[in-house]
Amino acid sequence: MKNPFTTLSTKTVYRNPWIRVREDQVIRPDGTEGIYGVIESKDSVVVGAVNDAGQVYLIHSFSYPAQSWQWELPGGGSDGEEILLASKRELAEETGIVARDWQELGSVRVCDGLMTERMHILLATNLEHAARPVSDDHGLIADGRFFAFEEVQAMVADGRIDEGQSIAALYFIEKRLAKKAAS
């Protein structure tokens, strides 16, 4: 289908090393003129590290925008790297875990009405613990540990996990683990 918007002009209103914010002058599908703000960012990765007992590793990290500590899956920006390399880097930096087996489970758009970013979801298995390296997390990760998947589901249900990217990734991971258990 054809794009129902007509873009008249585009200008960058803000830029830093991670994002570019642009403002487009548009004609909307109903014929009125207006603006549309778009945040352009590189794709991201989120990793479900699952051990042999079927437990998933979560980190307890501080979200500056939310101004709160939260449990979430490890992950972050791809920094323009190939998705598998970025996933291995993020998992090692945030957890000290190295995985021998990787599967890309899918991808989702992070905030469809506002951002260009696509988040790639990977499953990491056959895990080994190495020392967590000193990373650039600036003390934003306070803890990390394995949780039974049932407990993680309860954490989502009661709001202890309310970070959308982790919730989307947990859906993909749950479906993959269920498929594996059924076969």
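Which residue forms a salt bridge with arginine 89? The partner is glutamate 93, with the closest N and O atoms 3.7 Å apart. A salt bridge here is a side-chain nitrogen of Lys or Arg within 4 Å of a carboxyl oxygen of Asp or Glu. Arginine 89 and glutamate 93 are four residues apart in helix H1 (residues 83-95), so about one helical turn separates them. The contact belongs to a network: salt bridges with shared partners join Asp79, Glu81, Arg89, Glu90 and Glu93.

The model is predicted; local features need pLDDT of at least 70, side-chain atom pairs count only at pLDDT 80 or more, and totals for chains, interfaces and linings use all residues. Residues are numbered from 1 along each chain as its sequence is written, and side-chain values use heavy atoms, with hydrogens and water left out.

The chain has three helices and 10 strands. Both are DSSP runs numbered from the N terminus: helices are H or I with at least four residues, strands E with at least two. From the N terminus on, the elements follow the order β-β-β-β-β-β-β-α-β-β-β-α-α. The C-alpha trace spans about 55 × 40 × 35 Å along its principal axes. Of the contacts between residues at least 6 apart in sequence, 56% join residues at least 24 apart. A contact requires heavy atoms within 4.5 Å.

Of the 183 residues in the chain, 34% are buried. Buried means under 20% relative accessible area, exposed over 50%, and partly exposed in between (1.4 Å probe, protein chains only). The accessible surface comes to about 10,700 Å², and carbon and sulfur atoms account for 53% of that area. Areas come from the Shrake-Rupley method with a 1.4 Å probe; for residues, only the protein chains shown count as cover.

The chain carries 19 positive and 28 negative charges, whose mean positions are 5 Å apart. Lys and Arg count as positive and Asp and Glu as negative, while His and the chain ends are not counted. Each charge is placed at NZ of Lys, CZ of Arg, CG of Asp or CD of Glu.

In total, the structure holds 11 salt bridges. One of them links arginine 22 to aspartate 24, with the closest N and O atoms 3.0 Å apart. Arginine 22 is buried at 17% relative accessibility. Aspartate 24 is buried too, with a relative accessible area of 6%. Another salt bridge joins the side chains of arginine 109 and aspartate 112 (3.5 Å, N to O). Here arginine 109 and aspartate 112 are both exposed.

The structure also holds five aromatic pairs. Rings of Phe, Tyr and Trp (its six-membered ring) pair if their centres lie within 6.5 Å; planes under 30 degrees apart count as stacked, over 60 as edge-to-face and the rest as tilted. Tyrosine 57 lies in strand S5 (residues 56-63) and phenylalanine 146 in strand S10 (residues 141-147), so the pair ties together parts 89 residues apart in sequence. Tyrosine 57 is buried at 8% relative accessibility. Phenylalanine 146 is partly exposed at 22%.

Tyrosine 171 and phenylalanine 172 form another pair, with ring centres 6.0 Å apart and planes at 85°, so this pair is edge-to-face. Tyrosine 171 is partly exposed at 48% relative accessibility. Phenylalanine 172 is partly exposed at 24%.
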